[in-house]
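My entries follow the order in which I asked.

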Amino acid sequence: MPNGKTVIVVMGVSGSGKTEIGKLLSQKLSRPFYDGDNFHPEANIKKMSSGNPLNDDDRKEWLIQLNKLAVKHRDKGAIIACSALKKNYRSILRAGMGDNMAFVYLNGSFKLIQSRLNKRKGHFMSAQLLQSQFDTLEPPSKAITVSIEHPPKKIVEEIMKKL
């Protein structure tokens, strides 16, 4: 298991369960939880709400803010839910963290995640943008990868075993 200093980023496309799994991990590990969606600039939220996907430039300031949050918690640990879709996004998140950051990749099929997004209400990320997330996704080679086909508690148990 990572030491108390490790910031764990729960990543994956929208609808993969980052917030739910992140909150459960937070409880299990007694670390604060932060939902990366809460750190998006208003312009990003408006763009996604209007049905337009974000690009690298849109995401840059958001990722820098999440990195600052991670660095702030480097000495005590935290759980951050963040899509972290590309390798260079994960590099921005990891800056200044050394070995004090770990990634958990929530992996699921387009069909399963789309069905979840179709049921989700009140979120700025619509199911119509899911393909753009899959198109952007560069699955991590250095992460704890878990399937999202199981119930959340079972997913957290699997993550805990791999930590």
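**Entry 1: the whole chain**

I began with burial and noted that 46% of the 163 residues of the chain count as buried, where buried means under 20% relative accessible area, exposed means over 50%, and partly exposed lies in between, with a 1.4 Å probe and protein chains only. I kept in mind that this is a predicted model, in which local features need pLDDT of at least 70 and side-chain atom pairs count only at pLDDT 80 or more, while totals for chains, interfaces and linings use all residues. Residues are numbered from 1 along each chain as its sequence is written, and side-chain values use heavy atoms, with hydrogens and water left out.

For secondary structure I counted seven helices and five strands, taking both as DSSP runs numbered from the N terminus, with helices being H or I of at least four residues and strands E of at least two. Read from the N terminus, the order is β-α-β-α-α-β-α-β-α-α-β-α. The chain is as compact as a globular protein of its length, because its radius of gyration of 15 Å is close to the 15 Å that the globule rule gives for 163 residues; the radius is taken over C-alpha atoms, and the rule is 2.2 Å times the number of residues to the power 0.38. Along the principal axes, the C-alpha atoms fill a box of roughly 40 × 35 × 25 Å.

I then looked at contacts, meaning heavy atoms within 4.5 Å: among those between residues at least 6 apart in sequence, 75% join residues at least 24 apart.

Is Trp62 buried or exposed? I found Trp62 in helix α3, residues 56–72, and buried, with a relative accessible area of 2%. Leaving aside neighbours within four places in sequence, Trp62 is in contact with Gly36, Phe39, His40, Pro41, Asn44, Cys82 and Ser83.

Next I turned to Lys153, which lies in helix α7 and counts as exposed at 64% relative accessibility. The C-alpha atoms of Lys153 and Glu20 are separated by 9.7 Å, although the two residues are 133 apart along the chain.

**Entry 2: salt bridges**

How many salt bridges does a search of the whole structure find? I recorded three, a salt bridge being a side-chain nitrogen of Lys or Arg within 4 Å of a carboxyl oxygen of Asp or Glu.

In one of them, Lys47 pairs with Asp58, and the closest N and O atoms are 2.6 Å apart. Lys47 lies in helix α2 (residues 42–49) and Asp58 in helix α3, so the pair ties together parts that are eleven residues apart in sequence. Lys47 is partly exposed, at 26% relative accessible area.

Lys86 forms a salt bridge with Asp56, with 3.1 Å between the closest N and O atoms. This pair links distant parts of the chain, since Lys86 sits in the loop between β3 (78–81) and α4, and Asp56 in helix α3, 30 residues apart. I noted that Lys86 is buried, at 18%, whereas Asp56 is partly exposed, at 33%.

Lys162 forms a salt bridge with Glu158, the closest N and O atoms again being 3.1 Å apart. Both residues lie in helix α7 (residues 152–162), four residues apart, which is about one turn of the helix. Lys162 is partly exposed at 43%, and Glu158 is partly exposed at 25%.

**Entry 3: pocket and cavity**I worked on a 1 Å grid over the protein atoms alone, where a cavity is a set of points at which a 1.4 Å probe fits but cannot get out, a pocket is an open set with protein on both sides within 12 Å along at least five of seven lines, and lining residues have an atom within 4 Å of a point. Grid points are joined across faces, edges and corners, and a volume is the space filled by probe spheres set on the points.

The second largest pocket has a volume of about 230 Å³. Helix α4 (residues 87–94) gives the most to its lining, with four residues. By class, this lining has three nonpolar, two polar and five charged residues; Ala, Val, Leu, Ile, Met, Phe, Trp, Tyr, Cys and Pro count as nonpolar, Asp, Glu, Lys and Arg as charged, and the others, Gly among them, as polar.

I found two cavities of 30 Å³ or more. The second largest cavity holds about 30 Å³, and its lining has six nonpolar, three polar and no charged residues.
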